[in-house]
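Please open the model in a viewer and keep the sequence panel at hand. The stops below are meant to be selected in order.

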Amino acid sequence: MVLPICLIGNTVLRKKAKDIDKDYPGLDKLIEDMYETMYKSEGVGLAAPQVGKAIRLFVIDGDVMNEEYPDLKGFKHVFINAKMINEEGDEWSFNEGCLSIPGIREDVKRLSKFTLQYYDENWEYHEQVFEGGQARIMQHEYDHLEGILFTDKISPIRRRLIKSKLVSISKGKIIPKYKFVKNK
Ligand code: NI
């Protein structure tokens with residue numbers, strides 16, 4: 001089932017998401033629906049807050065970017081209760097977009113290495129260092145769990161330039177092509 005996506009201006013995107021346990025109701029179905037929603041809207045990652053749930057869950061499938069970033073070939077994963085351990089390495093710029101901020105892409109600087117602890121969909125524990133394209137997608141999705149959007153991380157000048165567009169999205173004057181939740 002395709003779920004409607006929450007857009008910038010919706011308070012759920014600004015909450016710090018909470019851990020879940022194995023008994024979280026309908027978790028398998030939610031993961032399945034999040035993948036379906038992500039593919040339908042042509043995203044490479046989707047975090048639970050974007051579908052209105054402030055829980056620490058995100059899904060990623062970066063395979064469509066594998067020509068430019070070979071490390072993303074077959075990179076499809078579910079991340080539950082993710083916690084950042086470390087972020088290090090060189091800062092690099094990448095042009096990011098977000099399903100919650102339709103029609104906007106901006107260069108965002110992030111560090112190249114990202115170490116995360118998490119559980120997968122089988123509740124196996126992992127602690128792993130990610131780099132390159134993998135790290136980039138994960139850092140963006142991880143930020144969603146912390147209530148952070150990529151537009152918080154762009155230069156003050158760029159932010160000023162796109163401010164009116166962000167307001168238009170949050171007021172429903174710019175709408176995406178996919179199913180979305182109307183802001184109150
Ligand atoms: Ni996003």
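Select E42 to begin. This residue is exposed, with a relative accessible area of 72%; exposed stands for over 50% relative accessible area, buried for under 20%, and partly exposed for what falls in between, with a 1.4 Å probe and protein chains only. E42 sits in the loop between helix 1 (27-40) and strand 2 (45-47). Helices (H or I, at least four residues) and strands (E, at least two) are DSSP runs, numbered from the N terminus. Although E42 is not a glycine, its phi is positive, about 60 degrees. Most residues other than glycine have a negative phi.

The model is predicted: local features need pLDDT of at least 70, side-chain atom pairs count only at pLDDT 80 or more, and totals for chains, interfaces and linings use all residues. Residues are numbered from 1 along each chain as its sequence is written, and side-chain values use heavy atoms, with hydrogens and water left out.

Next, select N81, in strand 4. N81 is not a glycine either, yet has a positive phi of about 55 degrees. In contrast to E42, which is exposed, N81 is buried at a relative accessible area of 8%.

**The nickel site**

Select the nickel ion together with C98, H140 and H144. Which atoms of these residues are the protein donors of the nickel ion? They are SG of C98 and NE2 of both H140 and H144, lying 2.1 to 2.3 Å from the ion. Donors are N, O and S atoms within 2.8 Å of the metal (3.2 Å for Na, K and Ca); water is not among the atoms, so sites may look incomplete. The spacing of the donor residues in sequence is C-x41-H-x3-H. C98 lies in the loop between strand 4 (76-97) and strand 5 (105-119), and H144 in helix 2 (residues 132-145), so the pair ties together parts that are 46 residues apart in sequence. C98 is buried, with a relative accessible area of 10%, and H144 is also buried, at 1%.

**The largest pocket**

Strand 4 and helix 2 are the elements that give two or more residues to the lining. Helix 2 provides the largest share, six residues. The space in the pocket is about 520 Å³. On a 1 Å grid over the protein atoms alone, a pocket is an open set of points where a 1.4 Å probe fits, with protein on both sides within 12 Å along at least five of seven lines; lining residues have an atom within 4 Å of a point. Grid points are joined across faces, edges and corners, and the volume is the space filled by probe spheres set on the points.

**Helix 2 and what follows**

Now colour helix 2 by burial: 13 of its 14 residues are buried. The helix reaches 21 Å from its first C-alpha to its last, close to the 20 Å expected at 1.5 Å a residue; the expected span is 1.5 Å times one less than the number of residues. Following helix 2 is G147, with a positive phi near 80 degrees.

Move on to T151, in the loop between helix 2 and helix 3. T151 counts as buried at 3% relative accessibility. Leaving aside residues up to four places away in sequence, T151 touches I8, I101, R159, I162 and L166; contact means heavy atoms within 4.5 Å.

**Helix 3**

Select residues 156-170, which form helix 3. Its 15 residues reach 19 Å from first C-alpha to last, close to the expected 21 Å. Where is the kink of helix 3 centred? The kink, about 50 degrees, is centred on I162; the bend at a residue is the angle between axes fitted to the seven residues ending there and the seven starting there. Within this helix I162, L166, S168 and I169 are buried, and strand 5 is included in what covers the buried residues. L166 has a relative accessible area of 13% and touches I8, I101, I104 and T151, not counting residues up to four places away in sequence. Just after helix 3, G172 takes a positive phi of about 80 degrees.

**Last stop: M34**

Finally, select M34 in helix 1. M34 counts as buried at 0% relative accessibility. Its contacts, not counting residues up to four places away in sequence, are L3, L46, A47, A48, V51, L57, F58 and V59.
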